[in-house]
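Please examine the structure shown below. The briefing that follows treats strands, a sheet and a helix in turn.

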Amino acid sequence: MSTARFLAGAALLIGLGGTYAIAQQKQGAGVFTAQQAAAGRAVYAAQCAGCHRDNLAGGGDAPPVGGRGFLNNWNSRTTADLYKFIALSMPAGAPASLSETHYTNVTAYLLSANGAKPGPRPFNKSVSVKIGSVATGRAPVLVAAAKSAGAKPAASPAPSTLPLNQRTDLMAPPFVLGHTVKGTVKNYVDVTDDMLKSPPDGDWLMYRRNYQGWSYSPLKQITPANVKSLTLKWAWNMNEGGANQVTPIVHAGVIFLSNTSNTVQALDARTGELIWENRIGPQSRIAYGGTRSLAVYEDKVYVATTDAKIHALDARTGKIVWEQPLGSPRNSNTGGVMVMRGKVLTGLTGCDSYSQNNCYISAFDARTGKREWIFHTTALEGQPGGDTWNGLPNLLRGGGDTWIAGTYDPDLNTTYWGTAQTKPWFRASRKSGAGATLYSSSTLALNPDDGKLKWYFQHAPGETLDLDEVFERVLINHGDQKVLLTIGKPGILWKLDRVTGKFIAAKETMFQNVFSKIDQQTGEVTYRSDILAQKTNQWFSSCPGPQGGHDWQATSYNQPTDLLIIPLSQSCVMIKGLDVEQKLGGGGTAASQQFYFMPGTKQNLGKLVAYRTSDMKEMWSWQQRSPFLSAVLSTGGGVAFVGDFDRNFKAVEVATGKVIWQTRLGNTVQGYPVSFSLDGKQYIAVTTGLGGGSPQQKPTMLLHEVHRPATGHQLYIFALPD
C-alpha cells in the first residue's frame, strides 16, 4: 500500500509536519522582539529543555526544535501554526498550562534560536508568516549575542496578569530538598541474599518482586469469589511534577516509596504514617524521568536518580551513606536498580545525542559504592560487534539505553538485560546503512561478577522506527528447559533458551506491518522493502508505533497457570526521519510522528492478552478504549490487577480474563501494582500518576473524551474488610 493510500485510509491522524523544502531565500523582516526571545529562553529552560535538550536537538519522544531537523519539519508552516501547536500540546504532561505570554515568548525564542532576526514589533499568536521566510536553521546569533553582552531575560508577567491557577503568590512554598523528615524504622530486619533469592511471601523486595521478573505474588487470600469486597484502607499523596511510574517496595511492615524529584520515603504499611523522607533531588521539571524502582539489601535502600547518580540510604533513617556518579550530567536513569551477589546493577539513559559517553550497564559494590565494572551497550570501535556500525566513529554511536532494570538467574549466575534502539531512530538519519548497530534492541546475558558478555540475541538488527526491545526479561523453567520470554514495542513475544541464547519461538500478539517476515527457525526479521530503502524526510507507516505494542508496563507470569498476562497498546504512526548534524551534541531521536488508531481494533487502544508459555498458545484476550498504563500484578489467589489511562483499576480472573471488580481512582493508574501481607491480611498497593513518553502522549492526543486532572500522584492501599 502506498503512503498516500495509507494516509487516506487512516481513521484519524494527529500531528504537524511539513515537507522538506528549505530554500536558499532572503530572510524576511523580524516578527518578534529581542526582549520576547530573551524572556522565551528562560521559559524554554524551565519548561522545555528537559525533553528537547538545552541544545534543541530533542531526545526520547521529543523532536528537535532547532537546526536542520526543525527546519525540515516546519519550513513550509507558519509562525501561527508553531504557536498553536506549542500552546495546545506543551509542556509534556501539562499541555496548555502556561500563559499566553509564555507561549508567545517561547515561540519567539525558538524562531531566534533557528536564525530568525528580531524586529521592532512584538510577536503574537495571530502573526502568520512562513517560517522558512524568517528562519534559517543556523546558529542562534541573537541569543548568543545577548548572553555574551550580559543581557538578562525579561521578567515574567506579574502574577495579576496570570490565570488564578498560575498565581505563584497563591501557591505552596517552594519544594525544599534534603533530609526533610527524620525518623527511625523500628525493628528493621536486614535483607539477605537468601531473602532476595526466595522472597518471603508477604514482602515485595525488588522490581517485579523476584529475580525472575514475574510480577507475581503467591498470596491467596484475595480470590475471584471475594475480590468484589476490596475496600480502600488508606492513601498517600505523592510528589507532583515529573513522571510517576514507581514500584512500592515492601519489607517487614514498611513501604519504601520513590517519588518524583528523586524523593525516597519510608511509610508504615499498616497506617500510612510517614517515618522518614529524603528529597535527594534535583527537582523534577519535566514529565519524564520516573524512578521506576528502588532496591533493598542488608541495611540499605538504593536509588538511581534522574541526574545519573546512584545513592545508598540507611534503611532505618533515610540518611545518605554513599553516592556515586553513573554517567555525565546529560545522562539519566529511570529503570531502577537490582542487587545481585553484593553488587548494585543499573542502566543508563540519555544517550540519544552524540557525545563522548556511550551507554553502558554499571555494577557497584553494595556496601562501599565502588564501581566494579561497566559493559557498553553500544559496541565500540575495535571491540566485538564494533564493526556493525557502518564505519561510524564512537562519537556517532547513539542509543543502546537500558531504561528497564534486568532480571537474574542465581543458578546460572547470569543477569539478563534488554537494550533500547539506536539513535537517531532512522537508519537514514544516522547513516548506519544496513549495519546491525550492536548491541541495540537486544537481549544481553551478562556475568554479574565481572560484566562479561555470555551471549546476546539481537531482535531487530539496525532497528529504524523507534520500536525497541528494552523491556522485562521473564525467566521461566519448563521441566529441564530454562527459557526467557520478552516482548517489545513491535508486539512480538520472543522465547529464547536462556542458557545459550538460542531462538525458540516468536508470536505476533497484534497487527504489525513493519516486518514482512519472521523466520521461525532463526528468529531473523525482515523489514518491509520500503523501510529498508528509506530516505530522510519521507513518511512511513508503522504499526505498532512508538507507544508500543508493549512498553514499560510489565507483564505478569502467573506460575500456577503458566500464563503470561500482557498489557498491550494498539496505535500506529506515520513517521519520518529527519536530517541531523553529525557532530558533538547533534543527533537526537530526529523524527516526526502522526498518530492514528490501529486498523481492525475499532479504535480500542488497550488490549489485555494471556499466553500459555509452554506452547505460546493464546488463552484469552480482550480490548478496551483506553490503554493500560500500569504493569499487571497476578496472585496465587487467581486474580490479576491492572490499571488504565482513564483512571480505572481492574481485577480480572486469571483463568478466563473476565473483569470481576473495578474502581475509579483519582488519575491515570500508572506504575507497578504490588501485593503484600501484614498480620495475616493481604493488601494491594497501586499508584496513580502523570508524565511519561509515548504511552502517555499517544492516548492524550487520540482519546479526546478522556479528561484527567492536572495533578494526582498518589499511593492507594486496598484490602478485604476486617
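Strand S5 (residues 254–259) is joined by 6 bridges to strand S6 (residues 263–268), and the two run antiparallel. Strands and helices here are DSSP runs numbered from the N terminus, with at least two residues (E) for a strand and at least four (H or I) for a helix; two strands pair if DSSP finds at least two bridges between them. This is a predicted model, in which local features need pLDDT of at least 70 and side-chain atom pairs count only at pLDDT 80 or more, while totals for chains, interfaces and linings use all residues. Residues are numbered from 1 along each chain as its sequence is written, and side-chain values use heavy atoms, with hydrogens and water left out.

**Strand S5 and its partners**

- In S6, Leu 267 is the bridge partner of Ile 255.
- The hairpin of S5 and S6 has 3 residues between the strands, and Ser 261 takes a positive phi near 60 degrees there.
- S5 also pairs in the antiparallel sense with strand S4 (residues 249–251), over 3 bridges.
- Opposite Ile 255 in S5 stands Val 250.
- The hairpin of S4 and S5 has 2 residues between the strands, and in this hairpin Ala 252 takes a positive phi near 50 degrees.

**Burial of strand S5**

- Of the 6 residues of S5, 6 are buried, so the strand is largely enclosed by the rest of the structure; buried means under 20% relative accessible area, exposed over 50% and partly exposed in between, with a 1.4 Å probe and protein chains only.
- Both faces of S5 are covered, with Val 254, Phe 256 and Ser 258 buried on one side and Ile 255, Leu 257 and Asn 259 buried on the other.

**An open sheet of 4 strands**

- The strand order in this open sheet is S22-S23-S24-S25, and the pairing is antiparallel.
- Strands S22 (474–478) and S25 (503–508) stand at the edges with a single partner strand each, so one side of each has no neighbour in the sheet.
- S22 and strand S23 (residues 481–487) run antiparallel and are joined by 5 bridges.
- Val 474 has Leu 485 as its bridge partner in S23.

**Helix H2**

- Helix H2 (residues 34–47) has 14 residues and reaches 20 Å from its first C-alpha to its last, close to the 20 Å expected at 1.5 Å a residue; the expected span is 1.5 Å times one less than the number of residues.
- The buried residues of H2 are Gln 36, Ala 37, Ala 39, Gly 40, Val 43 and Tyr 44.
- Seen down the axis of H2, these buried residues fall within an arc of 165 degrees, so they line one face of the helix; the arc is that of the directions from the helix axis to the C-beta atoms.
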